[in-house]
Amino acid sequence: MLGRCFPTPSSFLGGYKLTMMRDKAIISNLHLKFAEKTWSETFQLVRRCMEKSRDASKPCEPLVRSLERLQKALHAPSMNTTKSRLETIAKQQGMGFHATEATCYLTGNLFYVEVVLLPHGEVQEVKVAPHGKPPSPSESLLHLLRSHNFADFSLRLGGLFAQYNIPGDGEIKLKLLTSLQYLEKDLQQISNLHREPKHCDPQIDLINYGRVGFLIAGKEDCPLTLQFYIPPTEGAEAPSSVVQAAQVTVGVSGVTHRLQMASVLPQLPELDPRRCLAFTPLSEGPHETLPACFLLRLQPPVPVMSSFVEKLKQITDVAVPEFNLQWAPLPKLLLKASRSSDPCGDTRSDQELLAVPLPGGVTHSYVLPGTAWDAPTQRATVVDGVPFTQPAHVPALLELLRHQCAINTLLRSCVCAPSTNPGLICEWHFEVIPESATSFSVTFHQPHTDSLAVLLVNVSNPHQITCKLFGSGICDSSLDEHVSTVMRSCMSIPVTMKALYSRMEEMISGPVSPSRLATTGAENPHFTPKMDTNKESPTVSQSAAVPEGGAGVSSSACDAKSELPSGINTSSPVNS
């Protein structure tokens with residue numbers, strides 16, 4: 001009975017052979033059917049299949065891949081293959097496409113891209129035409145197409161589509177586009193206003209100190225961009241600095257806002273008593289109440305602490321959208337960004353030692369205790385866009401973002417991927433602990449002693465960073481100014497700590513020897529060694545760093561803590 005319920009192995013094999021024979025016959029028939037058809041006819045067939053996709057807003061992905069493979073197989077360009085490639089890209093970006101004999105049009109709601117082809121398929125010219133304006137040449141898009149870099153062209157086209165993807169129906173889109181154009185004119189006028197330079201390089205001066213940063217005028221293929229922060233690299237091992245920028249665009253809003261329909265700057269701009277620009281209130285000039293707001297689209301996105309997110313809202317009275325915000329300790333977000341290319345993901349522990357190599361063969365190790373940085377005031381989120389409603393908000397927003405970027409730059413300098421070299425020896429060890437939303441402390445061993453020192457770093461604003469050193473026997477106030485100057489010039493904790501350590505060794509005046517230990521305090525008034533409990537000899541080690549193997553801190557660790565102001569967190573010693 002059971003044998004009748006299941007087919008025998010021979011019947012399985014026979015069925016498989018029949019299936020293979022049937023498939024081969026189908027393939028043979030397809031080969032015969034299309035053997036004499038041209039590539040152009042084949043492309044037309046695939047496109048017709050794409051147009052019959054069940055989801056009209058998105059072409060069938062297998063057919064898109066098939067068309068791409070067909071196009072890549074044809075190395076020799078022709079007008080038809082180039083047209084087909086452009087049509088595929090347009091459909092992938094959700095845009096329309098139509099073509100005449102030698103011109104292709106990739107169309108969006110408020111713009112279109114015009115691509116003029118030569119008879120053999122090469123691209124002669126690329127133009128971008130915003131709504132109501134004549135087409136203008138785009139050299140960047142032309143270069144991408146002429147170099148057959150269709151992948152990057154598709155990305156640029158996607159960015160262009162997002163730039164003009166203004167929410168609302170046709171009438172609202174046009175009003176928002178008009179409002180955005182008046183905003184851009186006002187920002188351009190603010191950028192041109194005279195101000196006293198604070199940096200020898202005019203461009204860096206505008207980026208870091210300008211009211212609206214360094215303004216790059218918008219073009220048909222790129223929105224207006226404000227570059228507002230670039231860290232100094234003096235003494236730091238950084239081949240190039242990333243310029244923090246923001247593109248000025250329009251975004252959808254769940255509530256309506258008043259938006260300008262004319263300039264809100266007076267013909268002769270003036271400064272109010274707080275040295276800020278005076279603007280015409282929106283209620284006193286032409287405006288529209290629309291379900292949208294302006295956006296500073298941050299490039300790259302910025303990790304922002306919770307207190308700073310609240311300050312952004314206080315400036316604009318518009319909340320940063322919270323539906324996609326994920327909160328985490330600030331160092332964790334910075335470390336995650338530095339490891340974004342790691343396919344293994346985030347596997348570190350909160351107490352992981354972070355190795356930072358420096359010039360001269362010196363290596364520091366840093367620990368940022370997870371328990372300390374996981375406090376509510378230290379949690380942060382990655383912000384990619386800041387909403388606002390008028391140009392008066394922009395200077396204050398950029399200054400607040402600069403402040404956050406300055407804090408991020410300092411912490412990022414000691415939050416880099418740990419070295420995978422098992423033989424790496426870290427000579428100096430440091431612990432970084434938050435003290436407030438804008439200050440932190442760095443704890444380390446004083447040179448040639450077992451005593452701790454603590455450097456308190458206060459970032460009161462993006463342009464004012466002050467340091468104060470606490471520790472047993474440290475009574476030279478010139479060290480504070482020296483360290484503050486170094487910190488501001490390089491914006492690097494490791495570089496600053498190396499300079500501080502070298503200066504402290506110089507002040508000890510040479511190498512420590514047994515005969516010199518008893519007189520170190522008398523010969524060097526800057527440092528007074530701590531006496532041990534039997535009052536017979538200073539508690540001084542001949543090691544300039546933590547003992548090999550990560551030995552614990554001696555009982556003199558309390559020396560630095562006893563001199564700190566009240567409120568400074570000293571609960572987690574170095575190398576604990």
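Predicted model: local features only at pLDDT ≥ 70, side-chain atom pairs only at ≥ 80, totals over all residues.
Residues are numbered from 1 along each chain as its sequence is written, and side-chain values use heavy atoms, with hydrogens and water left out.

F440 belongs to strand 15, which covers residues 439-445; helices (H or I, at least four residues) and strands (E, at least two) are DSSP runs numbered from the N terminus. When neighbours within four places in sequence are set aside, F440 is in contact with W373, L410, L411, V432, I433, P434, E435, L455, L456, V457 and I493, a contact being heavy atoms within 4.5 Å. The C-alpha atoms of F440 and V459 are separated by 8.7 Å, and these two residues are 19 apart along the chain.

## Overall composition

The protein contains 18 helices and 17 strands, and of its 576 residues 43% are buried. Among contacts between residues at least 6 apart in sequence, 62% join residues at least 24 apart. The protein exposes about 29,800 Å², of which carbon and sulfur atoms supply 55%; accessible areas come from the Shrake-Rupley method with a 1.4 Å probe, and for residues only the protein chains shown count as cover.

## Aromatic pairs and a charge over a ring

A search of the whole structure finds 6 aromatic pairs, where rings of Phe, Tyr and Trp (its six-membered ring) pair if their centres lie within 6.5 Å, with planes under 30 degrees apart counted as stacked, over 60 as edge-to-face and the rest as tilted. F294 and F388 form a tilted pair, with 5.6 Å centre to centre and 45° between the planes. Because F294 lies in strand 9 (residues 287-305) and F388 in strand 13 (residues 379-388), the pair ties together parts that are 94 residues apart in sequence. F294 is buried at a relative accessible area of 0%, and F388 also counts as buried, at 0% relative accessibility.

Y366, F430 and F444 form one aromatic cluster. K311 lies over the face of F308, at 4.9 Å from the ring centre; the criterion is that NZ of Lys or CZ of Arg is within 6 Å of the ring centre and within 35 degrees of the ring normal.

## The second largest pocket

The second largest pocket has a volume of about 730 Å³. Its lining comprises 25 residues, of which R211, R275, C276, L277 and P395 are the closest to the pocket centre. Helix 9 (202-209) and helix 13 (393-412) are the elements that give two or more residues to this lining, and helix 13 supplies the largest share, 5 residues.

On a 1 Å grid over the protein atoms alone, a pocket is an open set of points where a 1.4 Å probe fits, with protein on both sides within 12 Å along at least five of seven lines, and lining residues have an atom within 4 Å of a point. Grid points are joined across faces, edges and corners, and the volume is the space filled by probe spheres set on the points.

## Two further buried positions

Q227, in strand 7 (residues 225-229), is buried with a relative accessible area of 16%. Beyond its neighbours within four places in sequence, Q227 is in contact with Q203, I207, G213, F214, I216, V243, Q244 and A245.

S154 is placed in helix 7 (residues 150-163) and counts as buried at 12% relative accessibility. Not counting residues up to four places away in sequence, S154 touches I89, Q92 and Q93.

Notes:
Buried < 20%, exposed > 50% of the residue type's maximum accessible area, 1.4 Å probe, protein only.
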